Each structure stands twice: as structure tokens, then as C-alpha cells.
Amino acid sequence: MSRKDQLRDTPWLTPTQAQTWRSYMGLSLQMTYEMNRQLSEDADLSLADYSVLVALADSPDGRRGLTDLASEIGWERSRLSHHLKRMCARGLTERHPSTTDGRATDATLTPAGRVALESAAAGHVDLVQRLFFAPLAAQDVVSLGEVLDRLRVHVRDAGTL
């Protein structure tokens, strides 16, 4: 059976699934827009820049292999490589041969990258608190976190990235 035949035989989303999916997609797009706008205006960073900086800062030595870093932020390795070139040119990151695999490359957070991240963090957190968490009760945050963690693991395991 061809992929086209499989898609034709696949049932549509239920009305509840369709509404939930539209809500998720709308929220995702709106939050991406708002975070990009805030980071650009306040810190001269894109959301993509911020995602890379956060992932590097979360590693104990500010260093991560490109494959691991790409997986962490949900990008293809080639997209990360191109983006890192631009971030390196701005002095936010550097690329070095891996300390554990001579064939691999690591990305490192520079002091300027750490300063940029620290400068951006307060405004970013304020935006996320106001737009995302403000309408939620404490138990909603716990429940939502559990559901999102479960979905992220599933997409990593079943997806193609």
C-alpha cells in the first residue's frame, strides 16, 4: 500500500482532537511570535539564538556536541550548524573539536554569549510568566508539565529527527 493510499485510509481527527490540535498550533505560533518579538526588542536575540544559548548554558561546562545540541533543541544538525556560524560571527558561541570524539564538533558558550543570555533572561521569563503561566493554577502547571513531558518523549522516540 502506498503512502498516498495509507493517508486516504487514515481517519480524520475526532472533533475533540481537531479542536485540541488547533488550540495547540495557535498557541505555539502565538507564543513563538511573542517570544521572538520580546527577545529581539529587548536583547537583540532571536528565539533560535536563545534556545541555543539556554541549551549550552544548561551543560556543566557550557559545551555540547552538535548532534546532542541539535537533538536537545529539536533541530536538524544542518540547521544548527548554519545557525551556529552566525552566532559564532557575533561572538556568542564558538566551535571546537570534540574532547571525546575526534570526528565530531562541539559548540561552546562564550563569555559574551553568557552575558547575552543573562541579559535576555529576565524579560523572557517575565513574558512567559505573563502570557503562559498567569492563567494557570498550580495544579494545571503540574498536569500540563506531565503531559508535555510525555508528548516530548513520544515524539523523540517515534519521530524522525
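**View 1. The three-stranded sheet.** In this predicted model, three strands form an open, antiparallel sheet in the order E1-E3-E2, where a strand is a DSSP run of E with at least two residues, a helix is a run of H or I with at least four, and both are numbered from the N terminus. Two strands count as paired if DSSP finds at least two bridges between them. Strands of a sheet pair through backbone hydrogen bonds, either parallel or antiparallel. At the edges are strand E1 (63-65) and strand E2 (93-97), each of which pairs on one side only. From one strand to the next, the twist averages 30°. Strand E3 (residues 105-109) is joined to E2 by five bridges, and Pro97 stands opposite Thr105 in E3.

**View 2. Helices packed on the sheet.** Helix H4 (residues 66-73) packs on the sheet and touches E1, E2 and E3, its direction making about 95° with that of E1. Helix H5 (residues 77-89) also packs on the sheet, touching E2 and E3, and its direction makes about 120° with that of E2. Contact here means heavy atoms within 4.5 Å, and the angles, from 0 to 180 degrees, are taken between N-to-C directions of lines fitted to C-alpha atoms, for helices over the stretch in contact.

**View 3. The largest pocket.** The largest pocket has a volume of about 2100 Å³, which is the space filled by probe spheres set on grid points joined across faces, edges and corners. A pocket is an open set of points on a 1 Å grid over the protein atoms alone, where a 1.4 Å probe fits, with protein on both sides within 12 Å along at least five of seven lines, and lining residues have an atom within 4 Å of a point. Of the 42 lining residues, the closest to the centre are Tyr24, Ser28, Met35, Leu148 and Arg152. Helix H7 gives the largest share of the lining, 10 residues.

**View 4. An aromatic pair in helix H2.** Trp21 and Tyr24 form a tilted aromatic pair, 5.3 Å centre to centre with 35° between the planes. Rings of Phe, Tyr and Trp (its six-membered ring) pair if their centres lie within 6.5 Å, and planes under 30 degrees apart count as stacked, over 60 as edge-to-face and the rest as tilted. Both residues lie in H2, three residues apart, about one turn of the helix.

**Notes.** Residues are numbered from 1 along each chain as its sequence is written, and side-chain values use heavy atoms, leaving out hydrogens and water. Local features need pLDDT of at least 70 and side-chain atom pairs count only at pLDDT 80 or more, whereas totals for chains, interfaces and linings use all residues.
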